[in-house]
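Here is a walk through the model, one region at a time.

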Amino acid sequence: MEYLGEIVDFGVIGLLAVMSVAALAIVIERCLTYRKVDLNLFQDRRALEFELTRRLHLIATVGSNAPYIGLLGTVLGIMATFHTMGTEGLFDTGKIMIGLALALKATAAGLLVAIPAIVFYNLLLRKVRELVHRWELGHGG
Amino acid sequence: MNEQRLGIMLSLAIHAICLSMMLALPPPVLPPVKTFQISFEQQEITPASDQSPSMQIRDYRSIPEQNVNRQVAVTTQSERRHPDRQITVEGPVSAPDKDPASAIPVDNNLPGLTPSVNAGSKTDARREANTGDAFTGKAANPAVVETKLGDAGAPRFIHREPPVYPKLARRLEKEGKVVLRLFIDAAGKVLDIEVIAPAGYGFTEAAVAAVKKSSFAPAHRQGKDISSRAILPIRFRLE
């Protein structure tokens, strides 16, 4: 059962790190795109929306799923701790508490990834709506 | 697609900065740690008039598993857990090797067997009392006379690994004393470690781990290396 600890340490935390990097990369890319976008190039509203909302769903996915992945890591860590307790016997409360505390770090990492992702997703969504409305104003939508 | 590349780069950079800032945070401030001292309690070669060995023995008697009495070996034996182990004595009197059944149990603490013992009748009486108590307990190993590390003829440390003071105990400012009994064969190898007086807070584990990393010279008597049992008290003390 020792592999559970490694799964938590490298698998879950690593996955969360990848998700965080990807989400932030998309956020930055979207921000730059929105700043540059030329509304006059689009003749159709749907084409504009299609271009603007590209990849936004990835940020939403990261924001909604990162807590679950962190929770999964915590559950695995607690499983490993209980298993260790069961096999080695209950002798040191300190060790058990340390195991549980380390298991909770996965949840913390998940929340740390999810909160900014959701914040940025909402900001970008607002920006998209703003741009679409501006296009509608200009083109008499 | 310039934005994509820029976004990925910036994202990586931001993550790297955040991580390095988190790592650069000062570690949580622990309460000021006291210096500590771990001592292997050892005694010089004690003449029989010295009361400390018997006091020591008395301390152990509260633990059921122990059979610390040196004198019990003389007469009472119904079971012998380590028939191959030999007597280790401190005095000049020899006991026959390799044949515990016919062994004359020898201990310089026994009055009459060794000239050096007759110093204090008070101590002798106390030891008699000890012997009496021990009859009620678990039958002792007949041929084994226990030694303490540091006694003459007893096993010595070749390499003494200092035990690690358990973190929890250190933080809680707990002190403790662990008494181990080591079975050391004629080659100096530790065959078995028995905990006769455990202590909580990880003291026992630390002591056992330290003993496992230590190496010993076997007990010797009359120039020969013999297997023996030796008591090793380890005290964990904060100062």
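Let's start with Glu130(A) and Arg134(A), whose side chains meet in a salt bridge at 3.2 Å, N to O; the term covers a side-chain nitrogen of Lys or Arg within 4 Å of a carboxyl oxygen of Asp or Glu. Both residues sit in helix α4 of chain A, 4 residues apart, about one turn of the helix. Glu130(A) has a relative accessible area of 31% and so is partly exposed, and Arg134(A), at 46%, counts as partly exposed too. For these labels, buried means under 20% relative accessible area, exposed over 50%, and partly exposed in between (1.4 Å probe, protein chains only).

A word on the ground rules: this is a predicted model, where local features need pLDDT of at least 70 and side-chain atom pairs count only at pLDDT 80 or more, while totals for chains, interfaces and linings use all residues. Residues are numbered from 1 along each chain as its sequence is written, chains are lettered from A and ligands numbered from 1 in the order in which they are written, and side-chain values use heavy atoms, with hydrogens and water left out.

Helix α2 of chain A holds a pair as well: Glu49(A) and Arg45(A) lie there, 4 residues apart, and their side chains form a salt bridge at 3.2 Å, N to O. Glu49(A) is partly exposed at 29% relative accessibility, as is Arg45(A) at 34%. Glu51(A) and Arg54(A) are joined by a salt bridge at 3.6 Å. Then there's a network: salt bridges that share partners link Glu29(A), Arg30(A) and Arg55(A). Most residues other than glycine have a negative phi.

Now zoom out. Chain A has 4 helices and 0 strands; helices (H or I, at least four residues) and strands (E, at least two) are DSSP runs, numbered from the N terminus. Of the 141 residues in chain A, 36% are buried.

What about the inside? The largest nonpolar core has 30 residues, and Leu16(A), Tyr34(A), Leu48(A), Leu52(A) and Ile59(A) touch the most other members. Such a core is a set of buried Ala, Val, Leu, Ile, Met, Phe, Trp, Tyr and Cys residues joined through side-chain atoms within 4.5 Å. Helices α1 (2–36), α2 (45–52), α3 (56–88) and α4 (93–139) of chain A each supply at least two of its residues, and α4(A) gives the largest share, 10 residues. Apart from this core lies another, of 20 residues, including Leu149(B) and Phe236(B).
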